[in-house]
Amino acid sequence: MSSTIKSPWLIHYDASSCNGCDIEVLACLTPLYDVERFGIINTGNPKHADIFLVTGSVNERNIGVLQQIYSQMLEPKVVIACGICACSGGVFRDCYNNLGGVDVAIPVDIYAPGCAVRPQAIIDAVVAGLGVLEEKRAAFAATGGKLAEKPVLASGLSSANKIVDGVSVRDAAFTKAREASKALASVTDRQEGANND
Amino acid sequence: MTIISFAVALVGFVIFAPVLGCLLAGVDRIVSARLQGRVGPVLLQPYYDVRKLLAKENRSVNGYQEFYIVLSLAFAILSGVFFFAGGNFLLVLFVLTLSSLFFIIAAYSARSPYADAGAQREIIQIASYEPMTILLCVTFFMATNTFNVSEVFNRDLPLVATLPLVFAAFLFILTIKLRKSPFDLSYSHHAHQELVKGITTEMSGRTLALVEITHWYESILFMGWVALFFIWNTMLAIPVVIIAVLLIYFLEVFIDNTFARVKWQAMLFWSWTVTIICCLLNIIYLIVLGYLG
């Protein structure tokens with residue numbers, strides 16, 4: 001057992017949720033749950049963090065922020081999607097601006113569903129994430145300090161962004177979102193036209 | 001300070017100071033957690049943190065930030081060695097200031113707005129406590145007629161008996177030196193602050209581990225300064241020093257947990273006010289004592 005899993009430092013990013021999961025993440029730090037028992041610290045700085053907790057779903061405005069934070073974190077690192085919105089888009093899944101869960105932007109290691117996700121589930125997810133962190137550390141150490149996997153590029157290509165039938169999953173999600181947005185706009189236009197008549 | 005005492009202090013300080021400093025930091029975190037009604041981490045948590053940071057990927061914002069941090073650590077160690085070898089107190093202070101300056105240069109080298117603001121606040125912190133450290137030297141000389149730290153072992157009374165107000169003012173700036181609230185403006189050990197992580201924002205992995213280790217060395221050096229006030233020429237001094245150091249450290253942790261961070265104006269105003277009033281009164285007392293004695 002290495003020191004890596006005894007001192008997991010977190011960074012928390014609230015992508016675009018109702019803040020329910022956000023509050024539950026902060027609840028973990030209170031005396032009732034006290035995650036510092038496990039050496040967990042909420043750092044607020046991606047360059048110090050080992051575990052990236054994301055709440056809320058991804059849209060076109062925050063996908064760049066998510067990838068930026070992820071790329072600033074040093075290996076070994078783990079991403080945990082907290083709450084159903086971060087896992088799959090949740091109730092906002094069909095919104096015109098919604099691209100889906102966190103895994104459309106960056107590779108996710110642990111999914112912790114719930115609406116809102118309970119503090120117990122967050123702690124469980126972090127503890128499960130420690131196992132992944134230890135695996136990644138061993139793989140990282142085996143490469144002799146070189147990168148275990150390529151960092152996410154500015155274009156948003158990551159291991160989670162698979163190429164299916166020659167089209168990247170993320171680009172497909174963007175296209176779908178734009179089409180839905182246009183369709184909605186044309187419906188609104190038609191309604192407004194009808195009202196004018 | 002002879003060559004032998006220098007060699008003994010070098011080996012002793014380099015090996016034992018980080019061990020004791022790490023344990024002190026661990027106790028700090030447990031006591032802080034208990035004061036907040038939490039269980040808190042294990043005693044060796046700071047050690048695990050540093051081990052983890054050393055195992056992280058080695059990526060830095062530029063090629064020389066780590067070099068500055070290594071220099072900062074080296075001068076902090078050198079300062080501690082001079083002190084525990086019973087050397088010149090002025091030299092100890094100047095070398096320690098050099099260590100702080102390299103830490104600031106390291107933060108500035110990143111050219112990041114958060115690190116820059118943190119570094120500026122660190123400079124204000126130095127401006128706040130530097131008059132006190134100089135006056136500490138002056139009053140130490142007035143009381144003992146030497147700058148040599150080893151002189152305290154020859155005294156009939158502990159230094160705190162002749163310099164009580166200087167000790168009080170020193171405790172005030174010790175809070176700044178140990179980076180404790182309400183004066184943890186440039187860099188706090190606690191969760192969020194408005195400057196992300198202030199002066200250490202752009203430091204990561206191995207560099208951040210070195211910063212932590214520097215902090216362990218500095219903590220032990222400052223506890224040595226506290227001990228300086230309680231040593232005199234009997235064996236009774238040993239338990240007195242241990243109890244005094246532990247009490248003062250607990251006091252610092254207690255202050256850390258009960259005060260909110262102040263603005264830099266308040267820090268500068270209060271540290272200068274306390275320093276000047278306490279040291280002046282103590283200097284007058286020393287002069288009067290000189291005429292009477």
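In chain B, helix 2 crosses helix 8 in a left-handed way. Keep in mind as you work that this is a predicted model.

**Exercise 1.** Work out how helix 2 and helix 8 of chain B are oriented to each other: roughly parallel, roughly antiparallel, roughly perpendicular or oblique?

*Solution.* 
- Step 1: find the two helices. Helix 2 of chain B covers residues 45-55, and helix 8 of chain B covers residues 205-228.
- Step 2: get the geometry. Their axes come within 7 Å and cross at roughly 150 degrees.
- Step 3: pick the label. Angles over 145 degrees count as roughly antiparallel, so helix 2 of chain B is roughly antiparallel to helix 8 of chain B.
- Step 4: see who does the touching. Helix 2 of chain B brings Pro46(B), Asp49(B), Val50(B), Leu53(B) and Leu54(B). From helix 8 of chain B come Gly205(B), Arg206(B), Leu208(B), Ala209(B), Glu212(B) and Ile213(B).
- Step 5: sort them by class. This contact of helix 2 with helix 8 in chain B has 7 nonpolar, 1 polar and 3 charged residues.

**Exercise 2.** Which element of chain B gives the largest share of the side that touches chain A?

*Solution.* 
- Step 1: size up both sides. Chain B puts 26 residues into the contact, and chain A puts in 22 residues.
- Step 2: look for the contributors. In chain B, helix 2 and helix 8 each supply at least two residues of the side that touches chain A.
- Step 3: Helix 2 of chain B has the largest share, with 6 residues.
- Step 4: The side of chain B that touches chain A has 8 nonpolar, 9 polar and 9 charged residues.

**Exercise 3.** Take helix 3 and helix 4 of chain B: what residue classes make up their contact?

*Solution.* 
- Step 1: Helix 3 of chain B spans residues 65-84 and helix 4 of chain B spans residues 89-109; their axes come within 8 Å and cross at roughly 165 degrees.
- Step 2: name the arrangement. Helix 3 and helix 4 of chain B are therefore roughly antiparallel, and their crossing is left-handed.
- Step 3: count by class. The contact of helix 3 with helix 4 of chain B holds 17 nonpolar, 5 polar and no charged residues.

**Exercise 4.** Now try helix 1 and helix 9 of chain B: is their crossing left-handed or right-handed?

*Solution.* 
- Step 1: find them. Helix 1 of chain B is residues 3-35, helix 9 of chain B is residues 237-258, and the axes come within 10 Å at roughly 45 degrees.
- Step 2: label the angle. Helix 1 and helix 9 of chain B are therefore oblique to each other.
- Step 3: read the hand. The crossing of helix 1 and helix 9 of chain B is right-handed.

Note on methods
Residues numbered from 1 in each chain as written. Chains lettered and ligands numbered in written order. Predicted model: local features only at pLDDT ≥ 70, side-chain atom pairs only at ≥ 80, totals over all residues. Axes fitted to C-alpha atoms, helices over the stretch in contact; angles between N-to-C directions. Helix = DSSP H or I, 4+ residues; strand = E, 2+ residues; numbered from the N terminus. Parallel < 35°, antiparallel > 145°, perpendicular 65-115°, else oblique. Left-handed = near helix turned anticlockwise from the far one by under 90°. Contact = placed C-beta atoms within 7 Å. Nonpolar A, V, L, I, M, F, W, Y, C, P; charged D, E, K, R; others polar.
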